Number of protein chains: 2
Amino acid sequence: MEMAVGEAIREADYPDGPPLAPLAVSLGDPAGIGPEVIAKAWAIRRAHRLHPFFAIGDRRSITAVWDGPVETISHPSEAPEVFETALPLLRVDDPGEITPGTPNLAGARCALDSVEMAVGLARSGAASALVTGPVAKSQLYAIGFDHPGQTEFVAERCGVAAENVAMMLVGPDLRTVPITIHQPLGKVIQTLNSELIVSRARTVARALIRDFAIPQPRLAVAGLNPHAGEGGSLGREEIEVIAPAVAQLQAEGLHVTGPLSADTMFHPAARAQYDAAICMYHDQALIPLKTLYFDSGVNMTVGLPILRTSPDHGTAFGIAGKGAASPRAMIAAIALAGDCARARAGV
Amino acid sequence: MEMAVGEAIREADYPDGPPLAPLAVSLGDPAGIGPEVIAKAWAIRRAHRLHPFFAIGDRRSITAVWDGPVETISHPSEAPEVFETALPLLRVDDPGEITPGTPNLAGARCALDSVEMAVGLARSGAASALVTGPVAKSQLYAIGFDHPGQTEFVAERCGVAAENVAMMLVGPDLRTVPITIHQPLGKVIQTLNSELIVSRARTVARALIRDFAIPQPRLAVAGLNPHAGEGGSLGREEIEVIAPAVAQLQAEGLHVTGPLSADTMFHPAARAQYDAAICMYHDQALIPLKTLYFDSGVNMTVGLPILRTSPDHGTAFGIAGKGAASPRAMIAAIALAGDCARARAGV
């Protein structure tokens, strides 16, 4: 049966298959490790019980680095069946020559087209979630991309203001959320305010309920300064900005603690006390996550109408095309997307 | 033989004992967990092969929380022999009533007197290193203490400018050094400059050579901004401040890399590439260390004429007097002080 791209999947189309639409996985920069780790994830899909997914991008970026089966599909609805025997691929415009490890502007356009299409499919319901492969920001900036990162781009395409989404880093026993993200550290303080913290924390709490099936999520809010300001002697943002936000969230009935000293929030016993750590800036959230789960961390965008995850690593051009890239983070991103899609659907 | 406090130990005093003077361990705030964890460390001194040490502080702060043997000594030279059968204690003025968990100003004065005496003994050579128990900064501030922390206090007492010492956090396979320490985050950028980074890094390199017996230490220098500034698009301090410092250090023949993205510096494979991570601010250095080694991290002050370590935890008044405090970090601090004393002495 022919269906237009973007038409929602009906359960009747899969009498014996999964009740959810497949996941859309954009390949990222064709010269990066995205195609390789996505192909590798498909190859061990059964061991990880991955929900059916299809890749979006250029065919040659996969075949250049992988000799397994790839089958072009014309619509996401074909993916679940193809997924059994080949990596399903929805093609975007040919980016021209691809040399793994050597990015170019045509590849950046291909990466951007791929994520654009993937967002559209997820929004339409043809895909139950979006998983994005790594892109090269410097290449994207060179073709006129004016968003700080894919997160902000996806938010805009979903019609959601960037301040209403949050970047959640997800590891096996740790979730962290930076309130400010891709900003010079010197601009963090002027950007932080109680409203932003409250808004992001609400978004995170809703995501924990809806996407992680945690009925009463516990949030731990980090301080900004050493020792969370030590009562004001090492900085006053905790008193003037963060504590009022915590009080506001508590008044709304949320289980929120803080501001806490950031350096003592992430050891095993501390991690067990909350479902997500709300952090004030990028490295405060990323350092603990990547210290513990460098090659298996997932970046999830919460607050969108769609589900979006990505592996928490870059294009790694230095090892692209050598077969050496670990698919662990991509597998974790795909697994999490599937888990969250099931949680949202209540199945 | 009677010796004045402060007189250097002569090897001839210990024909069969260790060739080094004992370690001086200040008890910290009498109402905190310092006395308890120091007593517990003594109790399992043999299993950890701890170098002989003596405590400095008030006797009741120990007996209130521990029923093992304590023997008052009149000089450090008595410590090694006493150490075999009791915790040797050099007393300071009585702080009055002690209630574990309830600090008071008399206790803060006792803590300050203890560390002051311990510094003097270490400077004189009567102690081969100084280990400091945890103090309550808010209590110290209340009695007029005007140093940000014990580190700066010890530096001043050793006649060393604070900018010439560095705080090194030491875990089993990670050493981190914050360039700026107890400063509000908003003041970090104005404090950072190339000269400060160069000065601290040199200090760290010398300590790795002298105190850790690493002939050619490798330093990894962190960036300040997300992704180390991503080529200038997320901040310019890497280009303008940090990279010139790295170049200067390299020109001096040191093995230095950076500026590196801080979030990817601390996973196991990254840690194996350097002997110390030079970090730009407190939490950048403390978060990875405490995430990995929360209850066994050691804080070492390098750049002093004396050796000084301390457990990387606070007074923990909430659990003081309950017998629940873990001595792991104190044991690690004492063990490291002994190791470094041996390295300095070349034995």
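Modeller: Helices (H or I, at least four residues) and strands (E, at least two) are DSSP runs, numbered from the N terminus. This is a predicted model, in which local features need pLDDT of at least 70 and side-chain atom pairs count only at pLDDT 80 or more, while totals for chains, interfaces and linings use all residues. Residues are numbered from 1 along each chain as its sequence is written, chains are lettered from A and ligands numbered from 1 in the order in which they are written, and side-chain values use heavy atoms, with hydrogens and water left out.

Helix α6 of chain A, residues 150-157, contains Thr151(A). This threonine has 7% relative accessibility and therefore counts as buried (under 20% relative accessible area; exposed is over 50%, partly exposed in between, with a 1.4 Å probe and protein chains only). Contact meaning heavy atoms within 4.5 Å, Thr151(A) touches Val165(A), Met167(A), Asn299(A), Thr301(A) and Arg308(A), residues up to four places away in sequence being left out. With Arg308(A), the contact is also polar, side chain to side chain, at 3.0 Å (a pair of N or O atoms within 3.5 Å; within protein, one must be able to donate a hydrogen and the other to accept it, and residues adjacent in sequence count only if both atoms are side-chain atoms).

The charged pairs come next. A salt bridge is a side-chain nitrogen of Lys or Arg within 4 Å of a carboxyl oxygen of Asp or Glu; the whole structure has 26 of them over all chains. Lys290(A) and Asp263(B) form one, with their closest N and O atoms 3.7 Å apart. Lys290(A) belongs to helix α11 (residues 282-292) of chain A and Asp263(B) to the loop between β9 (255-260) and α10 (268-271) of chain B, so this pair joins two chains. Lys290(A) is buried at 9% relative accessible area, and Asp263(B) is buried at 1%.

Within chain A, Asp295(A) pairs with Arg328(A) in a salt bridge whose closest N and O atoms are 3.2 Å apart. That pair links distant parts of the chain, 33 residues apart: the loop between α11 and β11 (298-302) holds Asp295(A), and helix α12 (residues 328-345) holds Arg328(A). Asp295(A) is partly exposed at 33%, as is Arg328(A) at 47%.
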